[in-house]
Amino acid sequence: MRAFAVILALLCATPAAAQTPSLDRSILHVQVILDHLGFSPGIVDGRDGQSLKAALRGFQQSRGLKVSGRIDRPTLRALYPHRAIRPETRIALTAEMLAGPFINPTPKDYGEQAKMPSLAYRSPMEKLAEMFHTSPAVLLELNSPETMLRPGTPIVVPNVLPTSRDYPADLKPEWRRTLGDLNVDARQPGAARIVVDKSEGVLKVFGSGDRLVAQFSATMGSEHDPLPIGRWKINGADTNPRFHYNPKLFWDAKKGDDAEMLPPGPNGPVGVVWLDLSKPHYGIHGTPEPQNIGRTESHGCIRLTNWDAARLALMVKPGTPVEFRP
């Protein structure tokens with residue numbers, strides 16, 4: 001079994017910790033509470049940033065506070081009742097947590113990807129990072145470079161463990177397993193409507209009484225594939241989906257590319273779930289690169305982290321209205 005530092009070196013040439021401020025456990029605590037409350041800060045990393053500011057704005061709006069996007073005194077008072085949710089927890093690694101398959105590197109060519117049995121995680125470290133809504137670099141910071149990836153090893157992780165894993169019995173077994181692997185809480189509010197707000201870079205979920213009950217940072221549209229402003233609806237969900245690559249729909253497709261059917265997997269183009277929209281060829285889906293949410297462009301669709309997309313899938317149903325705003 002390899003140590004954390006060895007796996008991290010295989011995933012990225014330069015550890016993120018060398019380029020960014022040190023992890024702040026007070027910020028980590030706020031992020032963990034927001035994650036539990038449905039106002040996702042994206043990657044839980046103990047650092048300030050645009051995803052945390054967006055999550056704070058959503059939380060403040062939901063509580064009738066002044067929307068500042070900062071960890072100000074009124075926001076801390078509103079978070080205080082949830083202080084028992086600690087920022088970190090210690091778990092023991094299990095064989096299931098470390099189980100593959102793992103594929104590294106993943107071929108960039110879609111034709112080569114189509115030949116693979118799955119578009120799996122690249123390493124146990126990447127799997128663990130998504131499991132705890134964070135990054136491999138943060139896991140390294142919370143532990144040590146000598147931490148061994150083997151069953152029984154105790155490690156410290158962001159405390160995003162769900163309060164319930166009692167997922168609906170009618171869900172496919174493999175989807176229930178994916179929800180468990182991503183630590184998605186089975187208890188989710190129902191979505192009465194969804195708003196995708198391009199100016200804020202977020203997807204908002206409104207529940208009963210038109211109350212804002214959840215919010216996720218999102219990547220949406222681009223210069224070549226702008227967000228289709230208007231009103232649509234959810235047609236349905238495809239969990240652990242395969243992906244039909246049609247080069248005719250991609251402005252950046254390579255000349256000579258053929259249409260391909262790509263296998264499922266968390267590192268596939270649409271991640272672990274595709275929420276089909278009434279707008280043809282558009283959907284809300286996961287991503288193989290959670291660190292890029294809100295920072296890169298998409299091919300017009302709405303992209304969330306895998307854990308946020310999975311959570312949203314439990315909130316919606318066929319017919320849920322979706323509004324795209326500029």
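**Reading a predicted model: rings, helices and a sheet**

Guide: A search of the whole structure finds 1 aromatic pair. Keep in mind that this is a predicted model.

Visitor: How is a pair of aromatic rings described?

Guide: By two values: the distance of the centres and the angle of the planes. Here the partners are F39 and F59. Their centres lie 6.1 Å apart, and the planes make 80°. Planes over 60 degrees apart count as edge-to-face, so this pair is edge-to-face.

Visitor: Which parts of the chain does the pair tie together?

Guide: F39 lies in the loop between α2 (25-37) and α3, while F59 is in helix α3. The pair therefore ties together parts that are 20 residues apart in sequence.

Visitor: Are F39 and F59 buried or exposed?

Guide: Buried means under 20% relative accessible area. F39 has 1% relative accessibility, so it counts as buried. F59 has 0% and is buried as well.

Visitor: Where does a charge lie over the face of a ring?

Guide: Take two cases. R83 lies over the face of Y80, at 3.9 Å from the ring centre. R193 lies over the face of F206, at 4.1 Å from the ring centre.

Visitor: Now helices. Why do residues three or four places apart point the same way?

Guide: An α-helix has 3.6 residues a turn, so residues at that spacing point the same way. Now look at α2. Its 13 residues reach 18 Å from the first C-alpha to the last. That is close to the 18 Å expected at 1.5 Å a residue.

Visitor: How many residues of α2 are buried?

Guide: 10 of its 13 residues are buried, and α2 is mostly covered. Among the buried ones are I27, L28, V30, I33 and L34. H29, Q31 and D35 are also on that list.

Visitor: What do the buried residues of α2 pack against?

Guide: They pack against helices α3, α4 (73-79) and α9 (306-315). They also pack against strands β1 (88-92), β2 (154-158) and β5.

Visitor: Why is helix α6 largely enclosed by the rest of the structure?

Guide: Count its buried residues. In α6 (residues 124-131), 8 of the 8 are buried, so the helix is largely enclosed. The buried set includes P124, M125, L128 and M131. E126, K127 and E130 are buried too. Just after α6, H133 takes a positive phi of about 55°.

Visitor: On to strands. In what order do the 9 strands of the open sheet come?

Guide: The order is β5-β4-β3-β13-β7-β10-β11-β12-β6, with mixed pairing. The edge strands are β5 (212-217) and β6 (219-220), each of which pairs on one side only. Helix α3 (residues 50-62) packs on the sheet, touching β4 (202-206) and β5. Its direction makes about 170° with that of β5.

Visitor: How many bridges join strand β7 to β10?

Guide: Strand β7 (residues 230-239) joins β10 through 5 bridges, and the two run antiparallel. G236 stands opposite D276 in β10. D238 has W274 in β10 as its bridge partner. β7 also pairs with β13 (residues 321-325), in the antiparallel sense, over 4 bridges. There, R231 is bridged to E323.

Visitor: What do β10 and β11 form?

Guide: They form a hairpin with 5 residues between them. H281, in the turn, has a positive phi of about 75°. The two strands pair in the antiparallel sense over 3 bridges. D276 stands opposite G283 in β11.

Visitor: Which strand runs parallel to β11?

Guide: Strand β12 (residues 302-303), joined to β11 by 2 bridges. I284 stands opposite I302 in β12.

Visitor: Why is β10 largely enclosed?

Guide: 4 of the 5 residues of β10 (residues 273-277) are buried, so the rest of the structure largely encloses it. Take L277, which is found in this strand. Its relative accessible area is 2%, so L277 is buried.

Visitor: Which residues is L277 in contact with, leaving aside its neighbours within four places in sequence?

Guide: The contacts include K233, I234 and N235. Y282, G283 and I284 are also on the list, as are V322 and F324. L277 and N235 are 42 residues apart in sequence, and 5.4 Å apart in space, C-alpha to C-alpha.

Note on methods:
Residues numbered from 1 in each chain as written. Predicted model: local features only at pLDDT ≥ 70, side-chain atom pairs only at ≥ 80, totals over all residues. Heavy atoms only, no water. Buried < 20%, exposed > 50% of the residue type's maximum accessible area, 1.4 Å probe, protein only. Pairing = 2+ DSSP bridges. Contact = heavy atoms within 4.5 Å. Axes fitted to C-alpha atoms, helices over the stretch in contact; angles between N-to-C directions. Phe/Tyr/Trp six-rings, centres within 6.5 Å; stacked < 30°, edge-to-face > 60°. Lys NZ or Arg CZ within 6 Å of the ring centre and 35° of its normal. Expected span 1.5 Å × (residues − 1).
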